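Biologist: I am new to this structure and would like to go through it step by step. Please show it first.

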Amino acid sequence: MKFDAQWIAFITILRKEVRRFTRIWVQTLLPPAITMALYFVIFGTLIGSRIGTMGGFSYMEFVVPGLIMMSVLTNSYSNVVSSFYGAKFQGSVDEVLVSPTPNYIILLGYVLGGVTRGLIVGTIVTLLSLFFTDLQVHNVAITVAIVVLTAMVFALAGFINAVYANSFDDISIVPTFILTPLTYLGGVFYSISLLPEFWQGVSQLNPVLYMVNVFRYGMLGVSDVDVGFAFAGVIVCIVALFSYSLYLLESGKRLRN
Amino acid sequence: MAHALLINNLHKVYGNGFEALKGISLQVEAGDFFALLGPNGAGKSTAIGVICSLVKKTSGQVKIFGIDIDKDFSAAKCELGIVPQEFNFNQFEKVRDILLVQAGYYGLPRSLAEERADKYLKQLGLWDKRDTPARMLSGGMKRRLMIARALVHEPRLLILDEPTAGVDIELRRSMWSFLRDINAAGTTIILTTHYLEEAESLCRNIAIIDSGKIVKNTSVDSLLKTLNLETFVLDLREPLEVSPTIENFSLRLIDSQHLEVDVTKGQLLSDVFSRLLQEGVEVLSMRNKTNRLEELFVSLTGSGAGENDEI
């Protein structure tokens, strides 16, 4: 398949993915906006005002970057896992599998679809946060780069989950039992410097901690982790997950007999 | 000219050890209308799955218009359109969008994709439903949608896996007419079906697969010529109480109005009529007791199917 044909195939998948989540915006774009608005009201305004400062910032300023990142990564993940598993469940995934579209284009199309939803939700949550606090951006490049890369990591993870899933229950197990605990314990709501030394060490095994902290560094200029190390880790994650996803497509595991 | 499809010694053993294909070989000429018949579980769908990449073969060679799928599957897939047995489109997508997405997977530019989608939606009577979500279509419309989807990139080889299953007679006839037209226009068609009348009516050549082996591969005409015996049911003008007797023919009275007669190869049906007339028995109409191909199919795929027939 020539490059221009591959490009058309890629745009087709991406357009299909965007059309899917915008068609069902009440299920995909509205809920995170409502949830995050509630977080802002409860954790930022009501409880946050009693907490005082964290890392030298008001609690609302501190928590906003974490909540934006939380919405980005959960939506990137859930978009790909539900879309690709839905295609598998209905059999419509065969449409693309029998076509000449190369596997890496299929993967890129679905992943960029997830990233797009993550970024749109992130933008909505960011705009909502402006009703509660004045946002500042310490470093635009770092802020944008980490949010895009994080969305890619979770979109890829969602793809792998979808390939292995045998039922709709299987696509909710990982978000419920792995993603949510990692996110809540990943420095969204607190600085790990508040934790005892042992738990600080344990927290450093959590990849979400690095993503949230780099994003917070991009916005506020403070971080619990080394920014360069975090970027390197995220890129390694993307390479590893992309390679494994491609392997799943090439081998046909759970997709082809 | 290369064969539209060439299968050479194709084997498929599934993970559980089940050997679905036991070294089948098949050639389909370009422009042919070819039937692949076989009972459930014979290996038809596995063979189609291998051809379209949904099933990984264990060994053997498959070429589509001379392109080896092991060497350039992407190019081979461009020549191939598949209409699967089960509805496998996104039920929530609109009909036209399904075709546009499929065209995109084959790298067709948007303007060409729209032109092709509109063309096939009109040809298959789906134009009025173009903006309807696929789940709202009737069963027959869904079948036609799958044909339109398989044709949107205009493949030279179209494989249809039981395309008229569950379709009413009127629609089945209109689909036959459509398939004849696209075959006449140059598209090679391979059809699997359980309606043997369909294969007899549409196809020039036929392969019968049973237990993972090809047990017959010949033209429909040649196959029918091998029939040794046909049974006809005669509708009588006047009721009879006892079956008449005609030398060299076996006759049975089903009821007072219907007589059954066996005609073996070489015997003349006109002899039956003239001798019945001599006995004072007039025949109003006549029909085949069973579909001729069906009888052959049962004999070839039954326990008596011989290994020696394999090609």
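Biologist: Let us begin with one side chain: is A:Tyr247 buried, partly exposed or exposed?

Modeller: This is a predicted model, and the values are computed from it. The relative accessibility of A:Tyr247 is 40%. Buried means under 20% and exposed means over 50%, so at 40% A:Tyr247 counts as partly exposed.

Biologist: How are the rings of A:Tyr85 and A:Phe168 arranged?

Modeller: The centres of the A:Tyr85 and A:Phe168 rings are 4.9 Å apart. Planes over 60 degrees apart count as edge-to-face. The planes here stand at 90°, so the pair of A:Tyr85 and A:Phe168 is edge-to-face.

Biologist: How many residues apart in sequence are the parts that this pair ties together?

Modeller: A:Tyr85 is in helix α4 of chain A, while A:Phe168 is in the loop between α7 and α8. A:Tyr85 counts as buried because its relative accessibility is 3%; A:Phe168, at 43%, counts as partly exposed. The parts tied together are 83 residues apart in sequence.

Biologist: What span should helix α8 of chain A have, and what is the distance between its end C-alpha atoms?

Modeller: Helix α8 covers residues 170-184, which is 15 residues. At 1.5 Å a residue, the span should be 21 Å. The end C-alpha atoms agree with this, being 21 Å apart.

Biologist: Where in α8(A) does a kink lie?

Modeller: The kink is about 30° and comes shortly before the proline A:Pro181. Its place is A:Ile178.

Biologist: Which helices do the buried residues of α8(A) pack against?

Modeller: Among the residues of α8(A), A:Ile171, A:Leu179 and A:Thr183 are buried. The buried residues of this helix have three packing partners in chain A: α4 (59-90), α7 (140-164) and α10 (207-220).

Biologist: Which ring has the charged end of A:Arg216 over it?

Modeller: The charged end of A:Arg216 is 3.6 Å from the centre of the ring in question. That ring belongs to A:Phe62. In chain B, the charged end of B:Lys12 sits over a ring too, 4.9 Å from the centre of B:Tyr14. For A:Arg216, the name asked for is A:Phe62.

Biologist: Which residues does A:Gln6 touch, leaving out those up to four places away in sequence?

Modeller: A:Gln6 is in helix α1 (residues 3-23) of chain A. Its relative accessibility is 10%, so A:Gln6 counts as buried. The residues touched are A:Met1, A:Pro102, A:Tyr104 and A:Ile105.

Biologist: What radius of gyration does chain A have, against that of a compact globule?

Modeller: Chain A contains eleven helices and two strands, and 51% of its 257 residues are buried. With 257 residues, a compact globule would have a radius of gyration near 18 Å. Chain A agrees with this at 19 Å.

Note on methods:
Residues are numbered from 1 along each chain as its sequence is written. Chains are lettered from A and ligands numbered from 1 in the order in which they are written. This is a predicted model: local features need pLDDT of at least 70, side-chain atom pairs count only at pLDDT 80 or more; totals for chains, interfaces and linings use all residues. Side-chain values use heavy atoms; hydrogens and water are left out. Helices (H or I, at least four residues) and strands (E, at least two) are DSSP runs, numbered from the N terminus. The expected span of a helix is 1.5 Å times one less than its number of residues. The bend at a residue is the angle between axes fitted to the seven residues ending there and the seven starting there. Buried means under 20% relative accessible area, exposed over 50%, partly exposed in between (1.4 Å probe, protein chains only). Contact means heavy atoms within 4.5 Å. Rings of Phe, Tyr and Trp (its six-membered ring) pair if their centres lie within 6.5 Å; planes under 30 degrees apart count as stacked, over 60 as edge-to-face and the rest as tilted. A charge sits over a ring if NZ of Lys or CZ of Arg is within 6 Å of the ring centre and within 35 degrees of the ring normal. The radius of gyration is taken over C-alpha atoms; the globule rule is 2.2 Å times the number of residues to the power 0.38.
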